[in-house]
Amino acid sequence: MKYTSILGTAAILSMAFACTQKPTQEPIKEEINLMIKAEQVAEHKGQPVFHYLLDNGTMQVELSNYGGLVHKIIAPDKNGNKENITLTFDTVEEYLTKPNPFFGATAGRVANRIANAEFSLDGTKYTLAKTNGDNHLHGGVEGFNKKVWTPETYSNDSVVGVKMTYLSVDGEEGYPGNLETTLWMELTADNTLRIRFESATDKKTILNLTNHTYFNLGGMKRDAQDHEFQFWADAYTPVDEELIPTGEVKDVTGTPFDFRTPKILGDQITANGGGFDHNMVMKREKSADMKHFVRVRHAESGRVMDMYSDNMGVQFYTGNFLDKFTGADGKVYDKHWGFCLESQNWPDAINHDNFPSPILNPGEKYTHNIEYRFSVEK
């Protein structure tokens with residue numbers, strides 16, 4: 001297989017570093033080799049599409065600059081067996097040709113739903129594409145998940161990653177303002193996938209970016225209903241039949257949304273009548289502090305994933321609309337085969353005065369940090 005750097009040289013882009021890991025109760029190894037490889041796999045609208053492999057010696061993360069997406073996460077179980085733990089396709093080319101439910105993608109300009117596909121700013125009404133019934137979903141017909149981002153690899157003695165940039169021009173998908181966005185995705189020496197967004201606009205606009213990876217810590221052998229979840233969330237935002245928030249912020253006490261103590265997903269899906277596609281309220285104000293939002297455990301494999309973020313909510317989606325969907329390695333993903341933890345502002349926030357504002361003004365900087373920390377329990 002031929003690897004090329006983003007500068008076009010016909011060689012493996014490979015940078016290996018060694019760092020000493022601090023002692024832990026069960027150290028995996030004393031030395032970790034960090035490496036990144038880049039391979040051009042396709043071309044889309046005249047722009048090169050690259051596949052990136054980030055490797056820290058223990059786990060691997062595969063990325064693409066098409067859609068700013070997480071292609072695969074390959075992590076060890078309690079016996080050291082490595083498996084992919086995300087729903088995906090075999091090749092990036094399939095993302096170009098197949099319909100897909102935002103596997104691993106960057107969702108924007110505005111992730112989640114906007115009611116009636118419209119909003120107003122300072123008396124001006126903006127009309128968006130109706131991509132989910134009468135509503136707008138995840139940025140439109142060609143949102144950030146279908147754009148080729150400009151990539152640049154980077155590394156030091158503790159991380160390897162890819163920096164990607166994209167300019168969304170004024171009026172794209174109906175949104176106002178020229179919006180410049182930078183996305184960093186990196187793998188650390190201690191098995192953390194970090195995702196960071198930064199954006200600036202030259203005109204008042206709205207913005208809500210997230211990553212839409214579907215996880216299954218069991219390695220795609222069956223659905224994810226045997227996973228155990230714990231949320232640090234005291235409330236959620238109820239939705240109507242079209243999954244649009246009603247505007248209420250409801251206490252989770254006495255509801256199937258109460259994951260404040262660990263719960264088995266299948267039990268809560270049954271209690272909720274079929275699954276979750278709801279915003280869990282993590283905090284009311286955005287801050288620079290990273291907060292522990294969610295812990296997911298899979299007893300059979302021993303894999304554990306802890307999610308941290310500096311945002312205000314997380315959309316908890318349990319793959320309710322997956323239906324015999326053919327993905328990577330010949331696996332057929334069915335209902336509840338994966339789950340998404342989409343750190344973000346609250347859905348349809350522009351149409352609810354009591355929700356945190358999604359407005360970004362000129363001169364301001366939008367920032368959003370997410371971390372998925374992986375570990376193993378024996």
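The following chat goes through the fold of one protein chain in a predicted model.

Colleague: How many helices and strands are there in the protein chain?

Modeller: The protein chain has 2 helices and 31 strands.

Colleague: What is its radius of gyration, and what would a compact globule have?

Modeller: The protein chain has a radius of gyration of 20 Å. A compact globule with 378 residues would have one near 21 Å, so the two values agree. Along the principal axes, the C-alpha atoms fill a box of roughly 55 × 50 × 40 Å.

Colleague: What share of the residues is buried?

Modeller: Buried residues account for 58% of the 378 residues. As for the surface, the protein chain exposes about 15,400 Å², and carbon and sulfur atoms supply 47% of that area.

Colleague: How many positive and negative side chains are there?

Modeller: There are 38 positive and 52 negative side chains. The centres of the two sets lie 2 Å apart.

Colleague: What share of the contacts joins residues at least 24 apart in sequence?

Modeller: Counting contacts between residues at least 6 apart in sequence, 64% join residues at least 24 apart.

Colleague: Turning to the sheets, what is the strand order in the open sheet of 9 strands?

Modeller: The order is 12-13-14-15-31-25-24-19-22, and the pairing is antiparallel. The edges are strand 12 (150–155) and strand 22 (263–264), each of which pairs on one side only.

Colleague: What holds paired strands together in general?

Modeller: Strands of a sheet pair through backbone hydrogen bonds, in either a parallel or an antiparallel arrangement.

Colleague: A change of topic: how many residues of strand 5 are buried?

Modeller: In strand 5 (residues 69–76), 8 of the 8 residues are buried, so the strand is largely enclosed by the rest of the structure.

Colleague: Which residue of strand 5 stands opposite Gln60?

Modeller: Ile74 of strand 5 stands opposite Gln60. Strand 4 (residues 60–64) pairs with strand 5 in the antiparallel sense over 5 bridges.

Colleague: What is the bridge partner of Ile74 in strand 6?

Modeller: Asn84 is the bridge partner of Ile74 in strand 6. Strand 5 and strand 6 (residues 82–84) are antiparallel over 3 bridges.

Colleague: Which residue takes a positive phi in the hairpin of strand 4 and strand 5?

Modeller: Gly67 does, with a phi near 75 degrees, and this hairpin has 4 residues between the strands. In the hairpin of strand 5 and strand 6, with 5 residues between the strands, Gly80 takes a positive phi near 85 degrees.

Key
Residues are numbered from 1 along each chain as its sequence is written. This is a predicted model: local features need pLDDT of at least 70, side-chain atom pairs count only at pLDDT 80 or more; totals for chains, interfaces and linings use all residues. Side-chain values use heavy atoms; hydrogens and water are left out. The radius of gyration is taken over C-alpha atoms; the globule rule is 2.2 Å times the number of residues to the power 0.38. Buried means under 20% relative accessible area, exposed over 50%, partly exposed in between (1.4 Å probe, protein chains only). Contact means heavy atoms within 4.5 Å. Accessible areas come from the Shrake-Rupley method with a 1.4 Å probe; for residues, only the protein chains shown count as cover. Lys and Arg count as positive and Asp and Glu as negative; His and the chain ends are not counted. The place of a charge is taken as NZ of Lys, CZ of Arg, CG of Asp or CD of Glu. Two strands pair if DSSP finds at least two bridges between them.
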